[in-house]
Amino acid sequence: MNTNIEISHITKKYKNGVTALDDVSFRVGSGVFGLLGHNGAGKTTLMKALVTVLTPSAGIIRICGFDTVKQGNEVRARIGYLPQELAMYPSLSVFDFVNYMAELKGIHNKKAVSNVLEQVEMLEFSKRKIGQLSGGMKRRVGIAQALIGNPQILVVDEPTAGLDPEERVRFRGLLSRYAREGRTVLLSTHIVEDIHQLCEELAVLRKGHLFYAGTSAALLERVKDKVKILHLENENQLIELQKKSVVLSTTYESQGLTARIMDESGLFLQATPVTATLEDAYVYCMGGKAHA
Amino acid sequence: MFSVLHYEYKMQFKRLVTWGVLLVATALSLLDNFPSAGNLARLEFLNEPAYFVYRIVSLDSLVLLFGLMFLLAGRIPIDTKTGMKSLLMSSALRKWQYVLGKLLGGFLYVFSMQCIFLLLNTMIYFIAAPFEISLIECIVPLIKAIFVSLVPTSLFVSFCSIALPGMIDIRLFYILAAILFGFNATYVGSAEAMPFYLITSGDLVRLIWVHPRWPFVDMGSVIANGFFLVGSGLVCGSLLFLKHKFWRSE
């Protein structure tokens with residue numbers, strides 16, 4: 001595997017004593033790589049360290065072989081970044097904003113700006129002010145500015161949060177198209193469906209620690225044949241069940257409720273086995289339960 | 001740096017509220033100085049273009065500057081709030097380019113708005129005056145006003161309004177600015193002694209026009225006034241460069 005991103009023993013401690021990342025190491029090759037974790041798991045901190053905005057307290061990150069701390073300029077020339085919740089400048093037009101970002105990357109070419117806007121299907125709205133765009137359109141403008149200059153590495157932080165299903169599908173298509181030709185897209189999200197649709201490989205962060213790094217197939221293998229559903233009469237039974245097993249999710253019905261559980265030792269003979277999903281594996285990794 | 005400067009300038013000019021502030025300031029200024037019979041009777045020297053320019057610059061432009069100060073105060077906090085600062089720091093842009101682009105973009109914006117304000121008022125005065133005025137009588141005080149007032153006050157207002165909210169809570173900045181401008185608006189001093197810390201009505205503007213009964217200009221006070229405006233602006237601007245944690249480590 002050609003390594004485009006190499007993260008070695010990264011730790012980030014803030015002055016207030018909070019450790020956002022603790023000895024995190026993994027490698028990323030070409031294609032779409034998912035970074036999964038709850039809010040506050042350390043994903044955004046890691047992203048900021050990758051794009052040279054934050055300096056790690058310890059450890060090294062190499063992007064295309066360049067150290068993010070010592071060779072920041074080389075790194076910045078190779079990355080496109082879409083931060084979480086990028087509101088941009090509402091008084092600028094779409095074209096002006098992307099052109100501004102292009103100029104900051106040293107690209108003084110209006111044709112390149114038009115091309116990238118066409119790529120994200122925003123060319124027809126290029127004269128519209130950013131303040132007048134919908135959330136999905138703003139996100140597309142955000143990705144357009146990240147794509148300008150065809151960076152080798154694209155770092156996108158929670159790009160689909162808050163988008164409607166149609167926009168999410170469109171966004172996934174865009175990212176997977178970009179990841180072809182040996183480029184890397186590092187996608188940070190807490191939406192498992194995005195990872196499932198896009199990534200062959202992923203890393204799971206939990207409270208600043210790396211919990212898993214590898215293929216999604218291998219992660220699924222961990223929970224294969226262990227996921228079952230069980231019908232319960234009432235909440236008391238659920239409380240009892242939680243003492244004996246990991247409850248992945250519960251669905252309330254007109255009569256009682258159905259629990260999706262992780263039956264590791266085959267104790268629940270009355271439960272029905274079901275096909276495990278990446279979401280099951282993720283919730284299991286997080287050691288929690290998700291109620292529906 | 002020029003990209004930041006260019007887009008800062010453009011963004012401010014495209015804001016509708018910019019033109020609202022200019023409109024209100026112009027309306028107030030014309031109420032006070034329009035060469036109507038009432039104003040000509042009230043203001044002894046209003047038939048002198050130099051006095052008109054002096055009055056616009058020293059009194060009425062304070063309203064415009066106060067409005068522009070509020071508009072500029074959010075230029076750095078907005079980048080942090082909208083996620084733009086992270087994005088800018090992930091580009092090749094360096095700290096000095098970002099800060100200087102913001103400061104100079106703001107300076108050019110305030111300077112341009114002041115020029116438009118002054119030219120607009122003077123044009124109306126020139127056209128509406130019920131007495132003969134030669135063009136040169138208007139141009140000379142205008143040129144003086146640009147150098148002795150518009151440049152230093154634009155620098156003071158833009159640099160302080162952009163840089164200070166990048167370091168202190170913006171609400172504290174608004175309170176401090178309101179106190180300073182409030183004092184400037186309500187100060188009633190004699191024509192002989194003007195404090196050096198007055199923004200628009202210090203001794204600098206007496207280089208445009210002097211009262212015939214007090215025709216002396218104290219050059220020491222002029223320099224002190226100029227030094228206060230330019231010096232405070234530059235000091236505020238430099239603080240941003242010196243703030244270590246303001247940008248990524250380079």
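1. Helix axes here are lines fitted to C-alpha atoms over the stretch in contact, and the angles run from 0 to 180 degrees between N-to-C directions. The model is predicted. Angles under 35 degrees count as roughly parallel.

2. An α-helix has 3.6 residues a turn, so residues three or four places apart point the same way.

3. Now the whole of chain B. It has 10 helices and 0 strands. Along the sequence, the pattern reads α-α-α-α-α-α-α-α-α-α. The radius of gyration of chain B is 19 Å, close to the 18 Å that the globule rule gives for 250 residues, so chain B is as compact as a globular protein of that length. The C-alpha trace of chain B spans about 60 × 35 × 30 Å along its principal axes. Buried residues make up 39% of the 250 residues. Consider the contacts in chain B with a separation of 6 or more: residues 24 or more positions apart account for 82% of them.

4. Helix 7 (residues 95-128) of chain B meets helix 1 (residues 2-13) of chain B. Their axes come within 7 Å and cross at roughly 40 degrees. That makes helix 1 of chain B oblique to helix 7 of chain B. The crossing is right-handed. On the helix 1 side, the contact is made by B:Val4, B:Leu5, B:Glu8, B:Tyr9, B:Gln12 and B:Phe13. On the helix 7 side, the residues include B:Gln97, B:Tyr98, B:Gly101, B:Lys102 and B:Leu104. B:Gly105, B:Gly106, B:Leu108 and B:Tyr109 of helix 7 also take part. By class, this contact has 8 nonpolar, 5 polar and 2 charged residues.

5. Helix 7 of chain B also meets helix 2 (residues 16-33) of chain B. Here the axes come within 11 Å and cross at roughly 35 degrees. This crossing, too, is right-handed. Helix 2 of chain B brings B:Leu22, B:Ala25, B:Thr26, B:Ser29 and B:Leu30. They meet B:Met113, B:Ile116, B:Phe117, B:Leu120, B:Asn121 and B:Ile124 in helix 7 of chain B. The residues of this contact divide into 8 nonpolar, 3 polar and no charged.

6. How many residues of chain A are in contact with chain B? There are 24, and they touch 17 residues of chain B. On the chain A side, helix 2 (72-76), strand 6 (79-82) and helix 3 (94-104) each supply at least two residues. The largest share, 3 residues, comes from helix 3 of chain A. By class, the side of chain A that touches chain B has 13 nonpolar, 6 polar and 5 charged residues.

7. Is helix 10 (residues 278-285) of chain A largely enclosed or open? 6 of its 8 residues are buried, so helix 10 of chain A is largely enclosed by the rest of the structure. The buried residues are A:Leu278, A:Asp280, A:Ala281, A:Tyr282, A:Val283 and A:Tyr284.

8. A:Met286 lies in the loop between helix 10 and strand 15 (290-291) of chain A. With 19 C-beta neighbours inside 10 Å, A:Met286 counts as partly exposed. A residue needs 20 or more to be buried. Leaving aside neighbours within four places in sequence, A:Met286 is in contact with A:His38 and A:Arg206. A:Met286 and A:Arg206 are 80 residues apart in sequence, but 7.1 Å apart in space, C-alpha to C-alpha.

9. A:Gln119 is found in helix 4 (residues 110-119) of chain A. A:Gln119 is partly exposed, with 17 other C-beta atoms within 10 Å. A:Gln119 and A:Arg140 are 21 residues apart in sequence and 9.6 Å apart in space, C-alpha to C-alpha.

Terms used. Residues are numbered from 1 along each chain as its sequence is written. Chains are lettered from A and ligands numbered from 1 in the order in which they are written. This is a predicted model: local features need pLDDT of at least 70, side-chain atom pairs count only at pLDDT 80 or more; totals for chains, interfaces and linings use all residues. Helices (H or I, at least four residues) and strands (E, at least two) are DSSP runs, numbered from the N terminus. Angles under 35 degrees count as roughly parallel, over 145 as roughly antiparallel, 65 to 115 as roughly perpendicular and the rest as oblique. A crossing is left-handed if the near helix is turned anticlockwise from the far one by less than a right angle, and right-handed if clockwise. Two residues are in contact if their C-beta atoms, placed from the backbone, lie within 7 Å. Ala, Val, Leu, Ile, Met, Phe, Trp, Tyr, Cys and Pro count as nonpolar, Asp, Glu, Lys and Arg as charged, and the others, Gly among them, as polar. The radius of gyration is taken over C-alpha atoms; the globule rule is 2.2 Å times the number of residues to the power 0.38. A residue is buried if 20 or more other C-beta atoms lie within 10 Å of its own, exposed if 12 or fewer, and partly exposed in between; C-beta atoms are placed from the backbone.
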